[in-house]
Amino acid sequence: MAGTPGFGFAVPIFAGTKSVHPRTPLLDRLDVAQLARSIVEGERLGYDSMWAADHLTTGIDGAIMEGWTFMSWAAGMTSRMRIGSIHLAQLFRNPALTAKMAATLDCISRGRLDFFYEPGSPFSRREVEAYGFEWLDDADRMAAFEEAVQIVKLMWTRDRPSFEGRFHRILQAICYPRPVQRPHPPVWIGTFGLLAASDTPEPHVFDVIARHANGWNSTPASVDHCRAVLGGLRQACERNGRDFGTLKLSLETEILIAETGGQVSRLQELVNRRNPGSKAFEDWPKLGETFLVGDAAAVTRKIERYVELGIDRFIIWFMDYPSLDGMRLFARKVMPYFGAALGGRPDRGGRLAEPGR
Amino acid sequence: MPGYSVCLPTFAGGSAFTKSIEWTELEAFALKAESLGYSAVWVADHFVLGHEEGEHEAWTAISALAGATSEIRIGTLVLGNTHRNPALVAKMAATLDYLSAGRLDLGIGAGWYRLEQESYGLPWVESVKERMDRLEEAIELMKALFTQEPVTFRGRFYRVTDAPCQPAPIQKPWPRIWIGGGGEQRTLRIVAKHADAWNIPAVPPEEYARKSDVLRQYCEAVGRGYSEIERTMETRVLITDGSSQADNRLASWLNHWRRTAGHEPLANEDAINRAKSVYVIGTVDECRAKVEAYLKVGVEHFTPYFLDYPDTTSLEIFARDIMGELGAVPPKRQGTLDTQGPQ
C-alpha cells in the first residue's frame, strides 16, 4: 500500500461534448489516430497503465468502442504499460469465456492485464436491456457477479474446475494457457463515488471485495467519501478474515490541469461553452472535491491527500483530451513528485498479495 | 485469380511440428505472412481444441493482431454463434473494423463443439435445425445493427431495443461476412442468402464442385448472384522434400486428430498417404498441381494452416512458387471506404 503510487489513464473511447458525458467534455468525435497516439505517448511518458470502459451505448450518438476489442488492439501496439478494463461488465459475457479471454490477453500482453470486473450499476440497465441481455435486480446481480468472479479465478488457477451456482456453472472446464501473471491477473472490484458519504454504499459489495478482490477502486470521489468507504472496507475485511493491508486501493478521477491558473480558467470556460446546461460543470468549486482542477502544484497537493489515505493507483481521465497537454504536463510535473516518472515503475503487476483466505 | 490467406495455429495441434502456441511466434508468423503478400490471417473460435496444451481466445487474438499489423486482413474462421450474444458480436465487429481501417472478415458458424460449450456453461442447443435458425437470425440482427440506426429487432431467439451500434464499421454495408460449413440441407442455403464468402474444410475437388452446384441452386432459389459469393476452402499445406522426419511428424499429427475424434490411429505409411490425399502436402510441384485442381473446380481463395509452423519454409515457398506462379488477387475489401470515418 505505501510506496510509489502508480498513475494510469483512461482512454477516451467515447465523445462527451454537448453535455453528453462528463468524462470526455472536450471530445467531439472519435479519432482512431489520436487514440493510438495517446496510447503510445502515454506509455512513453511513464503512465503505468491504460484503462478502457466497457459500455455499449455511451457517448455522442451512442458511439463507443467495444471495450475488450479495444484493450486487445492496444495490447498489440504497446509493450510496457498495463492494460485494464474500467470496468468489465459481468452481464455481457459468459464468465468462463471471460476468464479465457483474460488469460489470452494476459499471454499476448506478457502479463500486463488488470482485470477490473463489475456487476453493473443501475445506470447500466438501459444499455443491458437495449442489447437484449437480461437485467437482474440488485441482489441477484451481485450474487451472479460473485459467482462469476469465483468462476474466473477457478478457471485461472485450478485444473478442470467445476462450479455449480444459481446463475453460472462450469463443468471440468479447461482454460489453457494459464495467464502469465501468478497466481493470476489482479482482480479489481469497485464502488461508486457518486453516493454521498453518509449513504451506506452497498455493504454487500464490500464483502465481495474483501472475499475476492486484490484491489478496490472508486469512481471519482472526494477525500471524505474515500475515507468513509475505506472504513467500511476495513470492517468488511475483518468480517471476512481478510487482512486489509493486502488490499490495493485505487481511485478513478478526472483531472483538468494546465501550466497556469489563467489557462486552467480558460479551459473551464471552454468546458462550460462546449457543455451548455451540463449539471456536472455547474459548480466548479464543488466539482473540485471529486475532480482535480488546477495547476501542477494544486493537483499535486490534492493527490497527496488521497495518497495519505493509502490510495496507490490513480486512473485519470484528462479533461482536455483530445489535447494531450494535460497528460504531458501531469507526467512532467506531478508524477515525479511521487517518484513515478519517465521510465519509472511501469511494471506494477506480477506479485500479488492473496486475499488471505 | 485466386486469393490466399493463412490460418494461425492458435491451438496446440494446429501445426504438425509443434504444440507451442507462444504468442510472439504466432504474431511473427502473421507479420511474415503480411510481408509475403498473403491477404488475411484467420483464427478459429474454440476454447479447448488444444486440450491442456492450450488455445487462445479468438477475438482477443485477432484484435491484438489488428493492433500489430497494418495491411493484412484479420478474421475469425469462424465464430461460434452460440458463444456470445450476436448483438454484442456486431458491436465487437464494428469496433474492430473501425480500429483496423476496414480489415475485418467476420466469419461465423452455427457452433458444433458440444463438450466445450457445456463445460463452459454455455447452453448447448441439441437441435441442428435450431442452431441453424439461430445462426440465420443472428446474421439478420447483425446486418441490421451494421446498417440501421438505432435498431429494434424482435426475433425468436434474439432481441434488441433502440440499440445503436456505433462507431459503424468502415466497410460498407458491413464487414465481409464469411459463413463456414458444407451442410446441404441448411448451411448452404444460409450461405446463398447471406454470405459474402463461403468456407469449407478440405474436401476433394469433385466434392467441392458438387457442393458448389448445390450452392448455385440455392442462390437461384433465393435470388442471389452466385458470383457475389467468394468460394473458399480451408486446408493444410506442407511442402516437403520427402524426408522421413517430416513424414513421421505428419503421421503423428494426423493420428493425434484421429484419436481426438475417436478413431483408431493409422500405421505411419497409411497416415501419411491419407494426409497427402486430403491436404495440399507434397513437393512444391505436387502442391501446385493440387492447388490447380481446386482452382479448376472453382475455389477462389485458400485458407490453409501451414503444418511446419513456426517454421516459415512452406509459407515462403507457397508464396513464391505457387501464389506467384498461379497469381494472387489483392485482398478483397467490402464496399467503398467510409470517408466520413476516422481522420
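## Salt bridges, a chain contact and a strand

A:E146 and A:R211 form a salt bridge, with their closest N and O atoms 2.7 Å apart. A:E146 sits in helix α5 (residues 138-157) of chain A and A:R211 in helix α6 (residues 203-212) of chain A, so this pair ties together parts that are 65 residues apart in sequence. The model is predicted. Over all chains, the structure holds 44 salt bridges.

- Side chains of opposite charge can pair when their charged atoms come close.
- A:E146 is buried, because its relative accessibility is 12% and the cut-off for buried is under 20%.
- A second salt bridge joins the side chains of A:R125 and A:E129 (3.4 Å, N to O).
- Both A:R125 and A:E129 lie in helix α4 (residues 125-130) of chain A. They are 4 residues apart, about one turn of the helix.
- A:R125 is partly exposed at 41% relative accessible area, and A:E129 is partly exposed at 37%.

**Salt bridges in chain B**

- B:R210 pairs with B:E184 in a salt bridge, the closest N and O atoms being 2.7 Å apart.
- This pair links distant parts of the chain, 26 residues apart. B:R210 is in helix α7 (residues 205-222) of chain B, while B:E184 is in the loop between β9 and α6 (187-194) of chain B.
- B:R210 is partly exposed, with a relative accessible area of 39%. B:E184 is also partly exposed, at 23%.
- Salt bridges with shared partners join B:K129, B:D133, B:E136, B:E140, B:R156, B:R186 and B:K193 into one network.

**Where chain A meets chain B**

- The contact takes 49 residues from chain A and 48 residues from chain B.
- The two chains bury about 3900 Å² between them. Carbon and sulfur atoms account for 64% of that area.
- B:E52, B:L99 and B:Y120 supply 18% of the area that chain B buries against chain A, more than any other three residues.
- Across this interface there are 0 salt bridges, but 14 residue pairs are in polar contact (both at pLDDT 80 or more).
- By class, the side of chain B that touches chain A has 23 nonpolar, 17 polar and 8 charged residues.

**Strand β9 of chain B**

- In strand β9 (residues 176-180) of chain B, 4 of the 5 residues are buried.
- Strand β6 (residues 104-109) of chain B pairs with β9(B) in the parallel sense, over 4 bridges. There, B:L106 has B:I177 as its bridge partner.
- Strand β10 (residues 197-199) of chain B also runs parallel to β9(B), joined by 3 bridges. B:W178 stands opposite B:A197 in β10(B).

Terms used
Residues numbered from 1 in each chain as written. Chains lettered and ligands numbered in written order. Predicted model: local features only at pLDDT ≥ 70, side-chain atom pairs only at ≥ 80, totals over all residues. Heavy atoms only, no water. Contact = heavy atoms within 4.5 Å. Buried area = accessible area lost by both parts, 1.4 Å probe. Salt bridge = Lys/Arg side-chain N within 4 Å of Asp/Glu carboxyl O. Polar contact = N/O pair within 3.5 Å; in protein donor to acceptor, adjacent residues only side chain to side chain. Nonpolar A, V, L, I, M, F, W, Y, C, P; charged D, E, K, R; others polar. Buried < 20%, exposed > 50% of the residue type's maximum accessible area, 1.4 Å probe, protein only. Helix = DSSP H or I, 4+ residues; strand = E, 2+ residues; numbered from the N terminus. Pairing = 2+ DSSP bridges.
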